[in-house]
Amino acid sequence: MTGIGLEFQDVSRSFGAVRALSGVSFSVASGDAHAVVGENGAGKSTLLKILAGIVRPDRGAIRLDGAVLDSASPREALEHGIGMVYQEMLAFPNLTVSGNIFAGREMTRSFGRLDEPAMRARTRELLERLHVPATPDTPMELLSTAHAQLIQVARALAFECRVLVLDEPTTSLTDAEVDHLFTVVTALRRTGVTVLFVSHRLPEVYRLCDRITVLRDGRYVDTFERATTSADDIVRAMVGREPPARSARAVPAAVGTPALTVRGLSRADVFHDVSFEVARGEVLGIFGLVGSGRTELLESLFGLEPLSAGSIMTNGRPMTATSAAEAVSAGLALVPEERQRQGLCFNLPIRDNLVLPTAATSGTQVIRRGAEQLAAQAQSDALAIRTPNLDVTPDALSGGNQQKIVIGKWLATKPSVLLLDEPTKGVDVGAKFEIHNLIRREADRGMACVMVSSDLPEVLALADRVLVMREGHVRGIVPGAGATEEQVMQLATHEVAAS
Amino acid sequence: MTSIWRAREFSTLVILVLEVVFFTWYLWPESGGHPFLNVGNAMLILKYSSIYGIAAIGAAIVIITGGIDLASGAVIGLTSVVIGYFFVEAGWGLFPSAMMGLLVGLSAGLVSSWLIVGLKLPPFIATLGVMGIWRGVGFIITEARFYDLSARLPRNWTVAGVPIDWVPPIVMVVLVVVFQIVMKQFQWGRSIFAVGGNEMAALFSGVRVGLVKTTAYVSAGLLAATSGVVLAIVQGQGKADLANGYELDIIASAVVGGASLSGGRGSVAGAVLGALIFGVLRNALPQIPGATFYDRVIVGLAVIVIVVMDQVMVRKAR
């Protein structure tokens, strides 16, 4: 069973002047579950793109069971037995489940007619094997994120993949969904499938994988055995330095007029009767599973979606924002969940992105380049955004630095209430610590922060109080210090006696 | 940012210069005056290009927001009809008649943006429908006649001491300078780029996306109507089927000038240079013996070749 399955030999690739990968060599035993970890910009995505046949290496080769794997296209990679499960959904929402699984490689009968019955039968088999409660004819758009992800797994299996590559598959899954995915993957391993798992979440890496390869700055660092390595060792190898200490916030929440008061807020069919207040200098964590109404709550607070009932007060003054612009003038700022879709304009330079909300809501029309350059540079320095200059577009930066731009453009508006939706989603360990410190720093300076996060340890480490939502209702508010993960998770998942 | 946009406009300018050099060489006469390279011909090119160029400024703005305006040709036609109606039928002065023409552009922009922003129709469909309506309104007003403005227009007249032939290019240059500055130095211009680059991020950033789009289509309508005023005076007539099919040449000018149909990229100066590139082609091709029947093909090929060349140059510049 064991033996070398997948081998990376001196794989290198540059994009312009950027060396994304230089001389990466390691091997993955056949039937193994192997993790590849590293900060954003470490070269994981490039490695996966080469494996998937999306880009070709400048130098070096990948071998599968000894044979050189030279895929010129994703289709060839699939034919060679490489099955990819991507972080973002690469699905056709307008097609059925079966249509998605066989997209591009449909089974046919004579004269090229589609063999729908055969594809449906095969799909039914795969759905059963992966425990997805859907039929072959279910439209893809009706599936949850987790099930859509499993359809990608099913697609890989439909083509008899020998290597299953999972790229950050758990970012938008709930714990139960992660459990399900891992059960499925573990079962697949028993049938001899090699698993390559790329993730930022070390606990998941530890659960699933036997060996862990660390990349840093496009280079191979080392491969660790799970049994003999601690998570801290991995983090050290990833960042190349000691992880900053997780200091608890020394300053307790200030008292006085709440910066934000929310009373009986409702939006039909989304959330109901939500009330809370946030003091100046306080971090309120909002925790809940996907579908609990957290993101929608923040978007409604920010004037992006209409409310059906309730009132909002900022610094003691009633606020009725029906647009982001009005919310900004009331002192609110929202760092949205999806920085690619909602956070950044990729056609504009970083400078313009950093000043956009300030300028768009200032009411002045004339652009003062000099002043903007200074303001943008100040934000860039304060947030330690790693970029050659502010004239490049955000796509040149890593996910963590992109996220810092989004946070920076909102801090530039000098808000009194900062709403953060999944502020560390998809960023690397180093950037995560930096963003945590940033939130603490702004809170210490008197800003009220409302942070929605699916990362429970993060919520408990940062928040002074944690508001737990389930199915659109507030299920409890617990103090951050002293609350346990179990306690919060219980509130988020099922009814318990109030504690 | 400036360096990239400057590079894009620069590459369009290079193509224009190469084009002029080519035709100067190709049409070099055995003897006598140059048929292409002379002041009279240059004025002719500028005069007719400005009809496309002024509207192309608006087309570029709309395209940068990620939209499209198919109604520009119809707006030009209807504007000429409305001017003709007031100037010839109602006996108004030229200036108030022209103002009524501009009102056509304003209304056209408001209607298009209401369909796009208010009713959330795709810009292609909304402006396709609007295009048919404006064209039809022109026919209803004229009942297939045409208004002869030239009879009432003075001969060899001047506007503020400037010969009338010079006015269209001057209007175009003034407008492109104004809009170039507005697009680069004013928040409105940056909001146009932000909306085209990522509409949702712009919305989340507090940009008033609906207002930005509305003003973009209204600007495009007003600029197309300005072209209509120019065309009515240059041609001396108001006719419902004037400027038929111009919308595609206007959009092509903007695209050749660097505007990306997926939004977020482009320039108004580039659009005007694009209009000049087509103006030179349309002027020079008929002078080549035997090319008469090929000019549509050549213009079509030029769109494709120039956009490909532009992509190559931009890629190299990065």
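How many aromatic pairs are there over all chains? The count comes to 14. Keep in mind as you look around that this is a predicted model.

Let's start with one of those pairs in chain A. A:Phe8 and A:Phe26 are stacked, with 4.7 Å from centre to centre and 25 degrees between the planes. The label "stacked" applies because planes under 30 degrees apart count that way. Now find the two residues in the secondary structure: A:Phe8 sits in strand S1 (residues 4–15) of chain A, while A:Phe26 belongs to strand S2 (residues 18–29) of chain A, so the pair ties together parts that are 18 residues apart in sequence. Both partners are tucked away from the surface: A:Phe8 is buried, with a relative accessible area of 2%, and A:Phe26 is buried too, at 7% relative accessibility.

B:Phe22 and B:Trp25 are tilted, 5.9 Å centre to centre, with 50 degrees between the planes. These two residues are three apart in helix H1 (residues 2–26) of chain B, so about one helical turn separates them.

While you're in chain B, have a look at helix H10 (residues 246–256). Ten of its eleven residues are buried, so the helix is largely enclosed by the rest of the structure. Among the buried ones are B:Tyr246, B:Glu247, B:Asp249 and B:Ile250. After H10(B) comes B:Gly258, which has a positive phi, near 105 degrees.

Back to chain A, this time to see how it is divided up. The domain assignment gives domain 1 (4–239) and domain 2 (260–493). Taken over C-alpha atoms, the centres of these two domains of chain A are 32 Å apart. Eleven residues of domain 1 of chain A are in contact with 13 residues of domain 2 of chain A. Between them the two domains bury about 900 Å², 67% of it on carbon and sulfur atoms. Across this interface of domain 1 and domain 2 of chain A, the rule finds zero salt bridges.

Last stop: the place where the chains meet. In this interface, 33 residues of chain A are in contact with 21 residues of chain B. Together, chain A and chain B bury about 2,300 Å², with 58% of it on carbon and sulfur atoms. Which three residues supply more of the area that chain A buries against chain B than any other three? They are A:Asn347, A:Gln365 and A:Ile367, which supply 23% of that area. The rule finds two salt bridges across the interface of chain A and chain B. B:Arg190 forms a salt bridge with A:Glu372, and the closest N and O atoms are 2.6 Å apart.

Definitions and conventions. Residues are numbered from 1 along each chain as its sequence is written. Chains are lettered from A and ligands numbered from 1 in the order in which they are written. This is a predicted model: local features need pLDDT of at least 70, side-chain atom pairs count only at pLDDT 80 or more; totals for chains, interfaces and linings use all residues. Side-chain values use heavy atoms; hydrogens and water are left out. Rings of Phe, Tyr and Trp (its six-membered ring) pair if their centres lie within 6.5 Å; planes under 30 degrees apart count as stacked, over 60 as edge-to-face and the rest as tilted. Helices (H or I, at least four residues) and strands (E, at least two) are DSSP runs, numbered from the N terminus. Buried means under 20% relative accessible area, exposed over 50%, partly exposed in between (1.4 Å probe, protein chains only). Domain bounds come from an automatic or database domain assignment. Contact means heavy atoms within 4.5 Å. Buried area is the accessible area (1.4 Å probe) that two parts lose on being put together, summed over both. A salt bridge is a side-chain nitrogen of Lys or Arg within 4 Å of a carboxyl oxygen of Asp or Glu.
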